[in-house]
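The following exercises concern a predicted model. Each task is followed by a solution set out in steps.

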Amino acid sequence: MIDLSFHILDLVQNSIAAGASSIEIEVCVKKEHRTIMIKDNGCGMDEEMQTKAIDPFFTKRTTRKVGLGLALFQETCMQANGKIVLDSNPYGGTVLTGFFEKNHIDAIELGNIGEALYILFSQNQNIEFSYVHQVGESIFRIESNELYQTVAHHLLFATEIMHWIEQYINEHIQSVEGERNENIRRIKNFT
């Protein structure tokens, strides 16, 4: 994968395929670690299915014979000294969490989260999405329902609206990320 936004897009497709009507995405940076969590209320998995889900040669899809999403995400986390944790209930609901060192030499960039969220929000208007980006105490949150109230559904596909949504999300994420970087610069200059 090119960056983490592509992983998020790919992994959320698993939630959509599992029939989720609500999907939470959270990116959290604490000290030098980044966590990506995707939580859904889809059909869930039993323990055997959870074990198989990480195998790239296993998929429940009938359109192809391999399922690389979880395996690639696991590899991305592991190469940056991290891991994934998959917790699912066979009666419904799955939480996938990836942990890794943010500044590890093999850690990949966050990417264009604004574009990824725009794609998810506009193409899946029947699903409630929530995105949280937290760096230390700074938090940015956006919910698809709030966006739909601001922008009429049929206008979501207008080029100007698409660019506005993408820019709005990315600017707020950069603000949250930048606040942390500015605090680090102040501490380094002080010492």
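**Exercise 1: The surroundings of Val 85**

Val 85 lies in strand 3, which spans residues 83-88. Determine whether Val 85 is buried, partly exposed or exposed, and which residues it contacts beyond its neighbours within four places in sequence.

*Solution.* 
Step 1. The relative accessible area of Val 85 is 35%. Because buried requires under 20% and exposed requires over 50%, Val 85 is classed as partly exposed.
Step 2. With neighbours within four places in sequence set aside, the contacts of Val 85 are Val 95, Leu 96, Thr 97 and Phe 99.
Step 3. For Met 37, which is 48 residues from Val 85 along the chain, the separation of the two C-alpha atoms is 9.4 Å.
Step 4. Phe 99, one of the contacts of Val 85, also has the charged end of Lys 83 over its ring, 6.0 Å from the ring centre.

**Exercise 2: Aromatic pairs**

State how many aromatic pairs a search of the whole structure finds, and classify the pairs Phe 121 with Phe 129 and Trp 164 with Tyr 168.

*Solution.* 
Step 1. In the pair of Phe 121 and Phe 129, the centres are 5.6 Å apart and the planes make an angle of 35 degrees. Planes under 30 degrees apart count as stacked and those over 60 as edge-to-face; the Phe 121 and Phe 129 pair is therefore tilted. Both Phe 121 and Phe 129 are buried.
Step 2. Trp 164 and Tyr 168 have a centre-to-centre distance of 5.3 Å and 20 degrees between their planes, and this pair is stacked.
Step 3. Trp 164 and Tyr 168 are four residues apart in helix 6 (residues 159-190), so about one helical turn separates them.
Step 4. Trp 164 is partly exposed at a relative accessible area of 43%, and Tyr 168 is partly exposed at 31%.
Step 5. Ring pairs join Phe 140 to Trp 164 and Tyr 168 in a cluster.

**Exercise 3: Packing of two helices**

Describe how helix 1 (residues 4-17) and helix 4 (residues 113-123) are arranged, and which residues meet between them.

*Solution.* 
Step 1. The two axes come within 9 Å and cross at roughly 20 degrees.
Step 2. Angles under 35 degrees count as roughly parallel, and helix 1 and helix 4 are therefore roughly parallel to each other.
Step 3. The crossing of helix 1 past helix 4 is right-handed.
Step 4. From helix 1, Ser 5, Ile 8, Leu 9, Val 12 and Gln 13 meet Ile 113, Ala 116, Ile 119 and Leu 120 of helix 4.

Note on methods: Residues are numbered from 1 along each chain as its sequence is written. This is a predicted model: local features need pLDDT of at least 70, side-chain atom pairs count only at pLDDT 80 or more; totals for chains, interfaces and linings use all residues. Side-chain values use heavy atoms; hydrogens and water are left out. Rings of Phe, Tyr and Trp (its six-membered ring) pair if their centres lie within 6.5 Å; planes under 30 degrees apart count as stacked, over 60 as edge-to-face and the rest as tilted. Buried means under 20% relative accessible area, exposed over 50%, partly exposed in between (1.4 Å probe, protein chains only). A charge sits over a ring if NZ of Lys or CZ of Arg is within 6 Å of the ring centre and within 35 degrees of the ring normal. Axes are lines fitted to C-alpha atoms, for helices over the stretch in contact, and angles run from 0 to 180 degrees between N-to-C directions. Angles under 35 degrees count as roughly parallel, over 145 as roughly antiparallel, 65 to 115 as roughly perpendicular and the rest as oblique. A crossing is left-handed if the near helix is turned anticlockwise from the far one by less than a right angle, and right-handed if clockwise. Contact means heavy atoms within 4.5 Å.
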